[in-house]
Amino acid sequence: SELSRCGSESFRYCELYLDMARPRKDQGSEQSSGEVWQVEGIPVPSNLYYTSNHMWLDVHESGACHVGIDGFLARLIGTLDRVSFVTMKGVNRPAAVLTMGGVDWPVTFPNPLLISGANVYLRGNASRLTSDPYGSGWLFEGWQPPAGETPRRGLVSGRKAMSWMTNEVQRLSGFVQDCAMRRAPEGEATLCDGGAFVPGLLDHLTRDEMFLLLHEFFGPRPELASE
């Protein structure tokens, strides 16, 4: 599998290539192909496709695919205990379980792929998922299915992805403001002046707030676009 990765565009996700091509500083060190836009400090690579539950898809000219979580979800996650893989091989919707703060949360790519493997290195170093979500923190690799729907169905890219991400950041700011107002003692006002949410926000929420946020932003939702 390592040899086949070096013989295609998938080399951009090879550990050796990533270590030699650029230092692993933070989640802003994305793949070199395509422009990387920013929304309130959240990187949005222009060459990727995004799902409504904040996963990304990279489709190469050869038909090879990679899937991971986007910078929005990566920034939200605080303490990530482990990553477990639900689907590892065959034609399936790539699915994994993120364990954070004692909570297991499934992340599922909405369209099927011919899955050839998962990034099992995350089992030993789960922090890669949040520190480098578009590089060494990828979740699955595979190919477009031999027949059937395109893996890009219902996903957005380019300027549409930028507009969607901007709206998601605004929605989350509203969610955080609502939480702050509910926590304020009765009769006291809470000043909410906007701004970006802090990295590791989930660590600052109560368990109920955490479940509410996860359902609102990362649960099953309508498609973002039609192919």
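Which residues point one way from strand E2 (residues 42–45), and which point the other way? In this predicted model, Ile42 and Val44 lie on one side of E2 while Pro43 and Pro45 lie on the other, and all are buried.

**Hairpin of E1 and E2**
- Strand E1 (residues 36–39) runs antiparallel to E2 and is joined to it by four bridges, with Val36 having Pro45 of E2 as its bridge partner.
- Two residues separate E1 from E2 in this hairpin, and Glu40, which sits in the turn, has a positive phi of about 55°.

**The open sheet**
- An open sheet with antiparallel pairing is built from six strands, which follow the order E3-E4-E5-E11-E10-E7.
- Strand E3 (49–50) and strand E7 (90–92) each have a single partner strand and stand at the edges, so one side of each lacks a neighbour in the sheet.
- Between E3 and strand E4 (residues 55–59) there are two bridges in the antiparallel sense, and Tyr50 stands opposite Trp56 in E4.

**Packing of H5 and H6**
- Helix H5 (residues 158–183) and helix H6 (residues 207–218) have axes that come within 12 Å and cross at roughly 155°; because angles over 145 degrees count as roughly antiparallel, H5 is roughly antiparallel to H6.
- The crossing of these two helices, H5 and H6, is right-handed.
- On the H5 side the contact is made by Glu168, Arg171, Leu172, Phe175, Cys179, Arg182 and Arg183, and on the H6 side by Glu209, Leu212, Leu213, Glu216 and Phe217.
- Sorted by class, the contact of H5 with H6 comprises six nonpolar and six charged residues, with no polar ones.

Note on methods:
Residues numbered from 1 in each chain as written. Predicted model: local features only at pLDDT ≥ 70, side-chain atom pairs only at ≥ 80, totals over all residues. Heavy atoms only, no water. Pairing = 2+ DSSP bridges. Buried < 20%, exposed > 50% of the residue type's maximum accessible area, 1.4 Å probe, protein only. Axes fitted to C-alpha atoms, helices over the stretch in contact; angles between N-to-C directions. Parallel < 35°, antiparallel > 145°, perpendicular 65-115°, else oblique. Left-handed = near helix turned anticlockwise from the far one by under 90°. Contact = heavy atoms within 4.5 Å. Nonpolar A, V, L, I, M, F, W, Y, C, P; charged D, E, K, R; others polar.
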